[in-house]
Amino acid sequence: MGKLDGRVVLVTGAARGQGEQEARLFVAEGAEVLVADVLDDQGEALAKEIGARYVHLDVSLEEDWRAAVAAATSAYGRIDGLVNNAGILRFNELVDTPLEEFQRVVQVNQVGVFLGIKTLAPEIAAAGGGTIVNTASYAGLTGMAMVGAYSATKHAIIGLTRVAALELAAKGIRVNAVCPGAIDTAMSNPARLDPGADPTGGAAASEALDGLYRKLVPLGRIGRPEEVARLALFLTGEDSSYITGQPFVIDGGWLAGVSVL
Ligand code: NAD
């Protein structure tokens, strides 16, 4: 028995990183998974490997969401789970951030989550209820210099999560958020994207990051995408049946406070 037997779940940004691990784990736990991304080659290859279905979905576009729902319902007859995982990060001081850059981060991270909820909630309700997991961040619960646009959108995702939980509870839909700290993916370690340029395939950069997080994070290391996937599984499955509207921090203790020693 898998924890997601009989479930049909769409995971955005699932071609790589945390979304990829969520797709892998959800399939292993018995779900039919729609791997959604803008990285078509990677997404197709992953879907083929794990026995999922790939769908091209730019989360910032409402027409792409409609097409993804149509693909899900024509393949499986229904959909009862969503993981809003896709996101982008840009580094800039607020005063140096071009308006277009700020708006693009909002359009993908914040509008993308809004469109996901708006488009899929009626389908999930029609399926008799289900779950939505939104990917916020450590930076959605506290400030982080140099990532102002990103941090603003991640705070907004927590607000959207709470409101959606209130509005959708009566329809049998639970809505929660994951708030990862530093996780070892291409977002925090771009060397992973170009292993050819790095003979260690990103391992050297990972080691450097680990040195940084050994100092910053009480548990002494950067997180793994598989660990976030297990939290998303908990919030998608029945083990969290009485939980809705909550942000779940997964950060090795980073947000707990600062050490003076
Ligand atoms: P990642 O860059 O490896 O993955 C992001 C995925 O989103 C990619 O597959 C990318 O193609 C996809 N994507 C980007 N724009 C898209 C769009 N418009 N439509 C559809 N897909 C799109 O990074 P990750 O760490 O796996 O990020 C996953 C989520 O976790 C993001 O929301 C990110 O903000 C969040 N997060 C990451 C960290 C971290 O340290 N890595 C920490 C906190 C939160």
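How many nonpolar, polar and charged residues does the lining of the largest pocket have? The lining has 28 nonpolar, 11 polar and six charged residues, where Ala, Val, Leu, Ile, Met, Phe, Trp, Tyr, Cys and Pro count as nonpolar, Asp, Glu, Lys and Arg as charged, and the others, Gly among them, as polar.

Keep in mind that this is a predicted model: local features need pLDDT of at least 70, side-chain atom pairs count only at pLDDT 80 or more, and totals for chains, interfaces and linings use all residues. Residues are numbered from 1 along each chain as its sequence is written, and side-chain values use heavy atoms, leaving out hydrogens and water.

Domain 1 (8-183 + 225-249) and domain 2 (186-222) both give residues to the lining, so the largest pocket lies between them; the bounds come from an automatic or database domain assignment.

Next, the ligand. Look at the side chains and their polar contacts (pairs of N or O atoms within 3.5 Å): Asp37 places a polar side-chain atom 2.7 Å from a ligand oxygen, while Arg16 has a side-chain N or O atom 2.8 Å from a ligand oxygen. For Lys154, the distance from a side-chain N or O atom to an oxygen of the ligand is 3.0 Å. Taken alone the ligand exposes 820 Å², and the protein buries 94% of that (Shrake-Rupley areas, 1.4 Å probe).

How values were computed
Polar contact = N/O pair within 3.5 Å; in protein donor to acceptor, adjacent residues only side chain to side chain.
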